[in-house]
Amino acid sequence: MSLPSPAALADLLQGQLRGHPTVAPPRSVAIDSRRVLPGDLFFALSGRRRDGHAYVEAAETAGASVVVVRRSWARQRETPPASPGCAHLLVDDPLTALQQLAAWYRRSHIQRVVAITGSNGKTVVKSALTALLAGRYRVAASPGSWNSQVGVPLAVLTAPPGTELGVFEAGISAPGEMERLEAILAPDFGVLVNIGLAHLAGFGSRAVTAREKMKLFAGIGPQGWLIAPPDPLVEALPLPCRRLHPGVQPPRLLGQRPDGNGLLLDLDLGAGPMQVPVRTRSAPLVEDLLIALTAAIELGVPADELLAVLRDYSFGPTRMETWRTPEGITIINDTASDDPISVQAALDTVGASPETGRRLFVFGGMGELGASEAREHAFIGQLAAERGFSRLLLLPHPAQRHTAAGWARLHPETPALCVEDATALRSGIHELTRPGDTVLFKGAARQELSRAAQSIWESMAPRRLLVDLDAIRDNVSRFRSLCGPGVGILAVLKAWAYGTELARLATALQDSGIDWIGVSAADEGAAVRRAGVQRPVLVMLMDIDEVDKAVRWRLTPVVYSPAFAHALVTSLRSMGASLEVHLEIDTGMGRVGVSPDEALATARLLRESGVARLSGLMTHLASADDPAADADTDAQLRCFEAAVAAIRAEAEGPLLVHAAATSGAVRFPQARHDMVRIGLGLYGIHPSPAIEAAIELEPALAFVSRLVQVRRFKRGQRIGYNGTYQVSAKQQRIGIVAAGYNDGVPWSFGQGGEVMMQGQRLRVLGRVSMDSMAIDLDPLPGAAVGDEVLIFGAHEGQVLRPEQAARQAGTIPYDLLVRVDNRRVPRIFRGG
Ligand SMILES: *Cc1c(COP(=O)(O)O)cnc(C)c1O
């Protein structure tokens, strides 16, 4: 972020400074005092529930350099801030000031803007468009669905200076709001996804909704365009720019057919028909994708690049997310929006799907419909019946009886089933479903619905790896407070984010304010960019043949040998491109990196090349987890510091210096430098007992499965391959767990491994098989088929530390995690 100095800010926002302003511009913008870092600009916004002025002191204590407050509030408070380097900026309204700052930033640092609005599908179009553009432009997009009066300015302010295309969402719920968003975004291009009935209570009619939304595009000039549906309400409103209707120009959808869990589209992207696989079967999602493609084609992205992105594009979570349970039940979780149009679209899609089983509809109702609430709810009930659903389950909602009445018109014999809560819903679904059935979850009460969908899924899938995104965020905060505000955090997401899921982790971490992302390969970096992540991405072990990918996806490669440096410079020159790079110095790890005596010459080579801009220096510590080797670590750090000093002495310019991974960050404060690179610690796992003793982390993963058989064996009977375990008691209850070494259970669990049920540790008996293993159930006489078994991690109050499981298996936690098989063990995310 490049913000004006406090004095210039006061001019820009027509405010007065009080206290002790610094000369230096603020670092970045914060509206939550808990996230203020030293040097930040804090806006005291008044929300519905809280007034930010109550947190001014907290922001000052956290080191804010400028706090923007209301004049009337400042008048009542006698003393301006006392601490040096902190000033108050008095304005009429802090929210207006935030919006003015964003409008200034938009004009100073972002070349062009695509603005997206509509009743639903905005986020889908934005994410897809960002992915399609990311290889060609420096794009920045709104994080998550930041589209409100506060969200839009914050989204604009997170775009890095030099952004070529900003892709931003705008959402409104009352007349008058769009003008303010338009003033901030000043769009060059526009997308109106649709005009639904969302927020009808705020507008009164669709015509008013259309008129209000179109205000976003009022300033687009004749060189610009607007993509909008051919809706008479939209056509009637005058605009100076070109209008494009999806489907009239490329892309044209020529045909489609089911393909695995997704569809194979016959698409003309402007270069003749092509087959394009997409990972969804949802008609509305395909429509949103076509809108994004229309925009990308207009912005000059060629067909082959579009195809390359589409091949592995996956849509964000909870938008027609389709899960197939091993029992053959399909669960469609589409709880991201509850507008009547999106409910109708979901019913249409599922109704038209080629699945042969029965269809169940779980509905949580719709919000904010004003006078049309009863009518719209009755219509949805009737439509579900018309689209061939055989059962309707309703969660509590004020208009519940209208939906039930609409349904009863066609299905008087099977009335809608009204369930109290997620638990009742879960048991209702268990009773009603059979293999081959499809269950659609839709509507308001999203949390309840999502939770129910997830818990049903969990109760049906025998093996799964649960990933708790809230715990991961919590661990990031713990590293932040450990290392202090001056130290950046790079999240190491190599090996597909330690076997979890790269894109999901990268976006969740970006939303929680991570500074850098680190990966091993250029393709992993590209996947992070396609997920819409804007943070800098360090590629630690890039192939030298992949320089074009690094340029295209704006990755920062690590130069790890003099040969790499030479080849990189040659490639960049021949491409006419340039890149920022970091240089790795091998100070004793004995892996990659230039040796300390090559470091200076390599740095010089890069600097003098004019194409590789040296912006960081790193090393990697070999034994920071082991107190017995602290002398070696100290020697590595001294060697690194000497090399850094020599390189610094030769040329000016900022260099980001980093050495520590999880262990180094925890045990060696002097190794934290400007940034730490955290991998294993993100998941709440300690690399060694010495780390465990030094920091408490929140376990974020759980590998669980189920009992598929419980039997009594008699004395002398042998268990499993080679009969390595023999029953010695008169009899023993033994359970078979549906998880084996093919799923990622270490084979060596056959010698002393343990799992957990109901908080109780249970021994693994005999050898681990490919798909199963035997466990001792004598300590748990109540255990029965279907009960959950925790193989490692934290789940429902029980903890079986992965560190310990790894020790028992004779390996390290890193190895344990990446072994959990990707195809057989679905990843399920919580929080987030
Ligand atoms: C894997 C790796 C890390 C992260 O290590 P953790 O122990 O998982 O925190 C950091 N830096 C480099 C160079 C790595 O290879």
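Predicted model: local features only at pLDDT ≥ 70, side-chain atom pairs only at ≥ 80, totals over all residues.
Residues are numbered from 1 along each chain as its sequence is written, and side-chain values use heavy atoms, with hydrogens and water left out.

Let me begin with the ligand. Around the ligand there are 14 residues, and those that come nearest are Lys-494, Tyr-498, Thr-662, Leu-680 and Tyr-814, where a residue is near a molecule if one of its heavy atoms lies within 4 Å of it. By class, this shell has eight nonpolar, three polar and three charged residues; here Ala, Val, Leu, Ile, Met, Phe, Trp, Tyr, Cys and Pro count as nonpolar, Asp, Glu, Lys and Arg as charged, and the others, Gly among them, as polar. Helix H19 (494-499) and strand E29 (675-678) each supply at least two residues of the shell, with helices (H or I, at least four residues) and strands (E, at least two) taken as DSSP runs numbered from the N terminus.

Turning to individual atoms, an N or O atom in the side chain of Lys-494 is 2.7 Å from an oxygen atom of the ligand, and a polar side-chain atom of Arg-591 lies 3.0 Å from a ligand oxygen atom. On its own the ligand has 390 Å² of accessible area, and the protein covers 93% of it, with areas from the Shrake-Rupley method and a 1.4 Å probe.

Helix H19 also holds a backbone feature. Trp-496 is found in this helix and, although not a glycine, has a positive phi of about 55 degrees. Most residues other than glycine have a negative phi, and most peptide bonds are trans. At 37% relative accessibility, Trp-496 counts as partly exposed, on a scale where buried means under 20% relative accessible area, exposed over 50% and partly exposed in between, with a 1.4 Å probe and protein chains only.

A second case is Gln-14, with phi near 45 degrees, in the loop between helix H1 (6-12) and strand E1 (16-19); Gln-14 is exposed, with a relative accessible area of 54%. As for peptide bonds, a cis bond joins Pro-250 and Pro-251, with omega about 0 degrees, and Pro-251 lies in the loop between strand E11 (242-244) and strand E12 (252-259).

Now the aromatic rings: Phe, Tyr and Trp (its six-membered ring) pair if their centres lie within 6.5 Å, and planes under 30 degrees apart count as stacked, over 60 as edge-to-face and the rest as tilted. By this rule the count comes to eight aromatic pairs. The pair of Tyr-560 and Phe-564 is tilted, with 4.7 Å centre to centre and 45 degrees between the planes, and both residues are buried. Phe-361, Phe-363 and Phe-389 form one aromatic cluster.

Finally, which residues of helix H16 (residues 422-432) are buried? They are Ala-422, Leu-425, Gly-428, Ile-429 and Leu-432. Seen down the axis of H16, these buried residues fall within an arc of 120 degrees, so they line one face of the helix, the arc being that of the directions from the helix axis to the C-beta atoms. Thr-423 and Glu-431, on the other side of H16, are exposed. In helix H20 (residues 502-511), the buried residues include Leu-502, Leu-505 and Gln-510, and Gly-513, which follows H20, has a positive phi near 85 degrees.

Key:
Polar contact = N/O pair within 3.5 Å; in protein donor to acceptor, adjacent residues only side chain to side chain.
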